[in-house]
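I opened my notebook with one plain wish: to look around this structure a step at a time. Come along and check each entry against the picture.

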Amino acid sequence: MAFTHALSGAVLAAPVVAVAPELAAPAAVAGIVGGLLPDLDLFVGRHRRTLHFPVLGWALALPAIGIAAVAPTAATVAAAVGTASFAVHAGTDALGAGDEIRPWERTSAEAVYDHLRGRWIRPRYWIRYDGAPEDVVATAVLATPVVAFYPAPLPAVAAACVVLGVAYAAVRRRLPPIVEEFVG
C-alpha cells in the first residue's frame, strides 16, 4: 500500500531525527518521496518492473549513504534517505503479493523484477495484499515513531496515512470490478 511505503521511507530518517534533528524534515520528506516513486510505474511501463530495483536500487543508495555520512547536508542526507527508501520499496514488495488485480487469489508468481538476475522474485505473502488488515497494522506501526518524534508537519502526514490506509483497506476488495470497468 502506498501509505505503508511512504511511512517506511519516513522511518528510514529516524537516525537523522536522533543525530541531526535540523535535517530531519528534508530527510523524512525525501524518504516519503523515495518510498512512493517506484509506483509511478503503474502509469509508465510495467508495474513492479520498470521503476522497481530490489537489488540494483542499492547501487544508488549505498554511495548516497556514504556521501551523507562524510558530508551531511540537507541535500546529501535527503538523497541518502530517498534512495534508500526507493530501494527498500522494491525489496518489500517481494514480501507481499504478486502484481495482480485480485492478489488474495494468488494467481501471480511475480512480485517484483530483479534486473540484476533478469528474473522475477516470487511473492512471499507476509502481507497478503495491499490493503489487507496486516498492511494497515504495518502502516500504523510505521506511523508511531513519526507521530511521536518527528517535527511538524510530519506527524500530521503520518496520521493522515493511517486514516487513508484504513479507508483504502475498507474498500480494497471492492475495487477490482471498478478498475476493470474503467481500464478494460
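**Entry 1: a word to settle.** I call a residue buried when its relative accessible area is under 20%, and exposed when that area is over 50%. I also noted that this is a predicted model.

**Entry 2: Tyr125.** Is Tyr125 buried or exposed? I found a relative accessible area of 14% for Tyr125, so this residue counts as buried. I located Tyr125 in the loop between β2 and α6.

**Entry 3: another charge over a ring.** I looked up Arg49 as well. Its charged end sits over the ring of Tyr113, 3.8 Å from the centre of that ring.

**Entry 4: aromatic pairs.** How many aromatic pairs does a search of the whole structure find? I got three. I wrote down Trp104 with Tyr129, which form an edge-to-face pair, with 5.0 Å from centre to centre and 70 degrees between the planes. Trp104 belongs to the loop between α5 and β1 (112–114), and Tyr129 to the loop between β2 (119–121) and α6, so the pair ties together parts that are 25 residues apart in sequence. Tyr129 has a relative accessible area of 7%, so I marked this residue as buried.

**Entry 5: the largest pocket.** The largest pocket has a volume of about 980 Å³. I counted 33 residues in its lining, and the closest to its centre are Met1, His47, Arg48, Asp130 and Tyr168. Two or more lining residues come from each of α1 (2–11), α5 (74–93), α6 (133–149) and α8 (175–183). Which element gives the largest share of this lining? It is α1, with five residues. By kind, I sorted the lining into 18 nonpolar, seven polar and eight charged residues.

**Entry 6: back to Arg48.** I wanted to know more about this pocket residue. Arg48 is in the loop between α3 and α4, and its phi is near 65 degrees, a positive value in a residue other than glycine. Its relative accessibility is 12%, so Arg48 counts as buried.

**Entry 7: the second largest pocket.** I found about 230 Å³ of space here. Of the 13 residues in the lining, Pro15, Val16, Ala68, Val77 and Val81 are the closest to the centre. The elements α2 (14–19), α4 (57–70) and α5 each give two or more residues to this lining. I sorted these lining residues too and got 13 nonpolar, no polar and no charged.

**Entry 8: the largest nonpolar core.** Which residues touch the most other members of this core? They are Val77 and Tyr150, in a core of 23 residues. At least two core residues come from each of α1, α2, α3 (24–36), α4, α5, α6 and α7 (154–171). The most come from α3, which gives four.

**Entry 9: a cis bond.** My last stop was the backbone between Ala152 and Pro153. A cis peptide bond joins them, with omega at about 5 degrees. I placed Pro153 in the loop between α6 and α7.

Definitions and conventions
Residues are numbered from 1 along each chain as its sequence is written. This is a predicted model: local features need pLDDT of at least 70, side-chain atom pairs count only at pLDDT 80 or more; totals for chains, interfaces and linings use all residues. Side-chain values use heavy atoms; hydrogens and water are left out. On a 1 Å grid over the protein atoms alone, a cavity is a set of points where a 1.4 Å probe fits but cannot get out, and a pocket is an open set with protein on both sides within 12 Å along at least five of seven lines; lining residues have an atom within 4 Å of a point. Grid points are joined across faces, edges and corners, and a volume is the space filled by probe spheres set on the points. Ala, Val, Leu, Ile, Met, Phe, Trp, Tyr, Cys and Pro count as nonpolar, Asp, Glu, Lys and Arg as charged, and the others, Gly among them, as polar. Rings of Phe, Tyr and Trp (its six-membered ring) pair if their centres lie within 6.5 Å; planes under 30 degrees apart count as stacked, over 60 as edge-to-face and the rest as tilted. Buried means under 20% relative accessible area, exposed over 50%, partly exposed in between (1.4 Å probe, protein chains only). A charge sits over a ring if NZ of Lys or CZ of Arg is within 6 Å of the ring centre and within 35 degrees of the ring normal. A nonpolar core is a set of buried Ala, Val, Leu, Ile, Met, Phe, Trp, Tyr and Cys residues joined through side-chain atoms within 4.5 Å.
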